[in-house]
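Colleague: Please take a close look at a single part of this model for me. Start with the whole chain, then go in.

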Amino acid sequence: MLLIERARHDWLLVGHYSRFGFNHPGPFFLYLRHLAEVLSGHRLPSPYSAHLLAVIATSSFFVGIAASAVAALLDTRRGAAVAVAATTVLVLLVQDNGVGILAHPWIPFQLVAPFLAFILLLAGTAQGRLWMLPAASLCGGALVHGYWPLVPFVGLPWLLALACGSIQYRRHDPRQAGLPAAPFAISATVIALFVAPLLLDMVINPPGNLVMLWNVTRAITPESGASVGEVAAFVLQFWKPALPAYSDLAISSVSPILWVAAAVGSVVMFRDREARAVVLHVVAVTALMTLLLAFYAWRAPGPLYPFIAQFYLGAPLAVVTIAIAAGIKGAMRRASQSVGIVVAAFGIGLAFHGAFTTPNQHVAGLRELSDGVVKDLHDRADDAVRIEFEDHQHWVFVTGLVLDLERAGIRTCVEAPHLAVMFTPERVCKRSTPGQTYVLTTSSACAGECIVRSQSLGLGLAVPAKVPPYQVGQLLGFSPDHDTSRPYRASGWSIPDLDGTFSNASEAELILPVRLETDAPLQLRAQAWSFVAEELSRQEIEILVNGRFVGRWEFTLADARGERTAIIPAEIAREQEPMSIVFRMPNATSPLSLGLSTDARQLGIGLQWLRLDAVAGG
């Protein structure tokens, strides 16, 4: 929703933000949500309601395409078309029972339905039904816009299906002078529409998101991939029968009920040669997708969470769907024109009627807080706001507050560089960002200091106290149980963890309002460490005071932690007030990019304490 806000006043040419620090290729799914918000106006309880309605409509559309593809693949006519198309919807609803992948705003869930439809359409295209190619191109474009790793899953199978389909088309009717032009022309137009925002982004925002995607992909690809056992376990989790349930933020297995129904359907349709051919084509496309998934799992930066391949759930569902539908067709022996889209839209719409509203939709909540900020600012010229918060669990409330304030015309940023993946980098405050600062805290913690409270959320906003002056000799603690450095941490820092605070950028800055009463140089002392590993055996930290270089600290595997010092000449220390201390870390790296853990922070230096002392005798 934060990204979609950009579409209100600027070009939105990229997709949702990744935990690896880039945006996925395109804005297809984001613009559908924006369109729903524009069309609904103020008729729904909230903008989020409009976004969920768009999610349901989008899922209905792709499931409808899949349903129509199943009916067409099986050459159904009359009543069987309705039954076969409805089977596709029923399979998805059974799989979705109690979880909501068809009505969930998280992008990994939204990719399941288009991937299911894409596999079925490619199977039909490979059989020579070239009229399915435009719909396959539409599904493929949506998948690539939604998830960068899907490029090979879309590109290679699409080309192979096109080649096989062209051969089969000519073989079915050798008298044809050539291939039909319409499917190719429509497909080319569809592909061009999906490529256009990517190229336009390169022109407007050079070098563009595509270049960043390529560079980041090269940087995070591990030198040695996952083991054979890890790859096999990752792939098989999508095929083993299991009741749909959350597992590491993903639903990774097909319901046992569907596998039983697929087995029965396979027995019923076994003697139908045409139905067997259709099923085998779907299985062949699925096998290719499975090989690509195994390669992806081998090269993907660990750990292998199921949600990174949630889209692949569409593959076993495609096999299950075509097997059950073929069995129903074999049982009915009659068919008609497909009405799959109508059946899917009606079925899913009925199943999720009311899913885009919640019991809390009329709770004032965040609106109380945003109204309090608007009232506090009055007509001040600096109508910008900086939001601070200490409790990590409050990020979702801060996100909603940012949205509400921006829709009230107030520019807002968040002082949380370590959570750029939640807020998008453009919403993270920079040192030069102006504005009134507010701290989001619990109502009980801010007592009479809160400018406004939300009783329903139990949260309040307070104006932080003025930064106290720093006294030479004062020890600043960076550990969570003795964090006295918080008022002085300007930018580039994470939140305290364990016994100190890590940097989370290539530069981290401290601003110290210090008044020097001596002409002596200062000694900067710190208990520090750095992120080093076998993959990154050495880090150098440059120290700049008031923009001037004063020292360099080196950390290695053999010397990764300890006390470090640097001398600040008197003329540099007195150059400006407040004093700026910058730690510059050209090799700051995230453990995630090295495949060591899920920590996506850009780690450079860690501090347990720091102090400035006057050098005796000058």
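Predicted model: local features only at pLDDT ≥ 70, side-chain atom pairs only at ≥ 80, totals over all residues.

Modeller: Two residues are in contact when heavy atoms of theirs lie within 4.5 Å. Take the contacts in the chain with a separation of 6 or more: residues 24 or more positions apart account for 73% of them. The chain has 618 residues, and 53% count as buried. It holds 19 helices and 16 strands. Along its principal axes, the C-alpha trace spans about 100 × 55 × 45 Å.

Now the part itself: helix α5 and its partner. Helix α5 covers residues 112-126, and helix α6 covers residues 133-146. Their axes come within 9 Å and cross at roughly 145°. The crossing of α5 and α6 is left-handed. Both helices supply residues to the contact. From α5 come Pro114, Phe115, Ala117, Phe118, Leu121, Leu122 and Thr125. From α6 come Leu133, Ala135, Ala136, Cys139, Gly140 and Leu143.

Is alanine 123 buried or exposed? Its relative accessible area is 1%. Buried means under 20%, so alanine 123 is buried. What is alanine 123 in contact with, leaving aside its neighbours within four places in sequence? The partners are Leu73, His281, Val282 and Val285.

Last, look along the chain from alanine 123 to serine 485. These two are 362 residues apart in sequence. Their C-alpha atoms are separated by 61 Å.

Notes: Residues numbered from 1 in each chain as written. Heavy atoms only, no water. Helix = DSSP H or I, 4+ residues; strand = E, 2+ residues; numbered from the N terminus. Buried < 20%, exposed > 50% of the residue type's maximum accessible area, 1.4 Å probe, protein only. Axes fitted to C-alpha atoms, helices over the stretch in contact; angles between N-to-C directions. Left-handed = near helix turned anticlockwise from the far one by under 90°.
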